[in-house]
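Dear colleague,

I am handing over a structure that will be new to you, and I would be glad if you could look through it alongside the notes below.

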Amino acid sequence: MQLPSKTTPPQIVLEKMQQLRSQDYRWQDGKVWSLVYYAGEEVYQLVKEAFNLYFSENGLNPTVFPSLRKFETEVIRMTAFLLGGNEETAGTMTSGGTESILMAVKTAREYARAHQPQIKKPEMILPSSAHPAFQKAAHYFDIVPIVVPVTSEYQADVKAIEQKICSQTILLVASAPSYPHGILDPIAEIGKLAQENNILFHVDACIGGFILPFLQKLGYPIPPFGFEVPGVTSISTDIHKYGYAAKGASVILYKNREIRKHQFFVYTEWPGGIYGSPSVAGTRPGGAIAAAWAVMNHLGEEGYLRLAQATMQAAQKIKEGIQQIEDLYIIGNPCATLLAFGSSTVDIYAIADEMTQKGWHIDRQQFPPCLHLTVNYIHTSIVDQFLADLKEATKRAKKSTVRNITNKMIKGLVKTTVKFLPPHWVSKLTVLSSSLIKAQPSKKRSAAMYGMMGELPNRGDLHELVLNFMDKLNSFENTSNSKQ
Ligand SMILES: *Cc1c(COP(=O)(O)O)cnc(C)c1O
C-alpha cells in the first residue's frame, strides 16, 4: 500500500475511523474484561482534555516546559506517599508497567555492578506468576531469570525463593497483586529475605498500586505491601490502570535517589549536545503526564475511595456469583478486584467461546486453564447481566455438542501425531496447528486452539507458533484482507 496521492478532508478520514472502530469490542458497554479502565464520563472527558492540552509538548527536555516538570514531580511525589514512601523516595514517570519494570531491573543490574563487581552472571528470582515484563527485562539486559513455582494457593513461595538465593542474585521480585490470579504475594516475608541477604527487592504494584491503598483505607484486610515494608527497594505502579489516567502513564519508584541514579543514562560526547535521559523513551508524550496529574488532582483520595469501594463490591458480587455456579471455582484467594476462575468439569475455553458469542471479551489463561477478569469501575453496572450470561454459557458448554467432539478429535489427532514424530519433525506441527485452527468454522471460537496449545508437549514449538502469529498480526496482509 502506498501513501494516498491526494489529500483527503479530515471529516472523511474521521468517518472512516469511526466506522472501523464501531466494529471493535464494545468496552463502553463493560463487555471487555481487560485493557480498558473507565471511571465515568466526567473523568473520561477531563483526561481527554488534559491530554489534548499537552498534546504537542515533549517530556524529553523538562526545562523547556516547566509546567510539565511540575506535573511529573507532583505525580511521582503523590504516588510515593500513596505507596508508603517518604521524602527520600525517588522516581520517574514512564510509558507503562513494562517500561517501569525494565527500569527497575536495569537499575538493579547497574547497582550490582557498582556495589558487587564480583557478580559475573547476575540472576533475578521470579515467582512463576510474575508479569512477563520481567522476562523481557532479563532478555534485554542479560539477566538470568530464575523462575520459582508458586504455592498451591498461587502465592509466591518464600521457601522456594530462599533456596534459589545465591552469590549471583541481584534482585527479588513479588507482585501486589499478581496479574493472572490477583493474588497478593507475602511481601513482608520476602522483604525480610531481601534484607538478610542484602539484595534489592522489587514489588510489582503495576495493577495494585492505585487500588490496594484505597481498599486498605476502606478496611479490607490487605497487609502492607509498599515502602513501609522493610526490604522493599523499588515499586512499579501504573496510573493508566486503576489510576484511570490516559494510556502511557506509569511510575517507577525507588527507596532513595542513590538507587535511582543507576537508572539514568547520560552521553556527553554527542555533537548535538550533552544528552541525559531518565528512562527508555527519548521523546515522551506530554499529554500522558498532564492527564495523570489532572485525574489525580480531580479525583483525590475521596474519588479513588469511591471508585475502589464500588469496584470492590462488584468484584465480590462476581466472585460469589461464580462460586454459586456449580461447575466453576475461583483460583486461590484474590485480594482485590482481579480474579480468575476455572472448572474441573467443563472445558473452560469452551465457556469463554460461549461468552464471546454473547459479545464479552475475556482473556484465556493457562496452568491451570482459567479465565481472567480485571474488574474496574465500568463493570459496576453489568454484574447481573454478566453472571446470567456466564451461567448460561457454562450450561451450554457442558452439553456435549458436535463442536466439542470435533475439538477433542483435533486435540487427540495432534497428540498422537506428536507422539510418533521424531523431535526435530515436531516443528512441522506449527504448520499443522495453524491450518487446523484456520479450519475452525467460526473465528470467534478458539477453545480448540487453546486446548491444543496447552497440550503441545514441546513448548519450543509453541514459542515458534506464537512468533509466526505475531509476524502475521504485524503484517499488512492481515488487516487488508479483512472485510473492511
Ligand atoms: C499491566 C501489568 C504490567 C505491565 O504493564 P504494561 O502497562 O502493560 O506495560 C506488569 N505487571 C503487572 C502486575 C501488570 O498488571
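This is a predicted model: local features need pLDDT of at least 70, side-chain atom pairs count only at pLDDT 80 or more; totals for chains, interfaces and linings use all residues.

Residues are numbered from 1 along each chain as its sequence is written, and side-chain values use heavy atoms, with hydrogens and water left out.

Strand β5 covers residues 200-204, and five of its five residues are buried (under 20% relative accessible area, with a 1.4 Å probe and protein chains only); strands here are DSSP runs of E with at least two residues, and helices are runs of H or I with at least four, numbered from the N terminus. L200, H202 and D204 lie on one side of β5, with F201 and V203 on the other, and both faces are covered.

β5 runs parallel to β4 (residues 169-175), to which five bridges join it (strands pair if DSSP finds at least two bridges between them), and D204 is the bridge partner of S175. β5 also pairs in the parallel sense with β6 (residues 234-238), over three bridges, and there V203 has I235 as its bridge partner.

As for the cysteines, a search of the whole structure finds zero disulfides, a disulfide being a pair of cysteine sulfur atoms within 2.5 Å. C206 counts as buried because its relative accessibility is 5%, and C335 counts as buried at 16%.

With best wishes

How values were computed
Buried means under 20% relative accessible area, exposed over 50%, partly exposed in between (1.4 Å probe, protein chains only).
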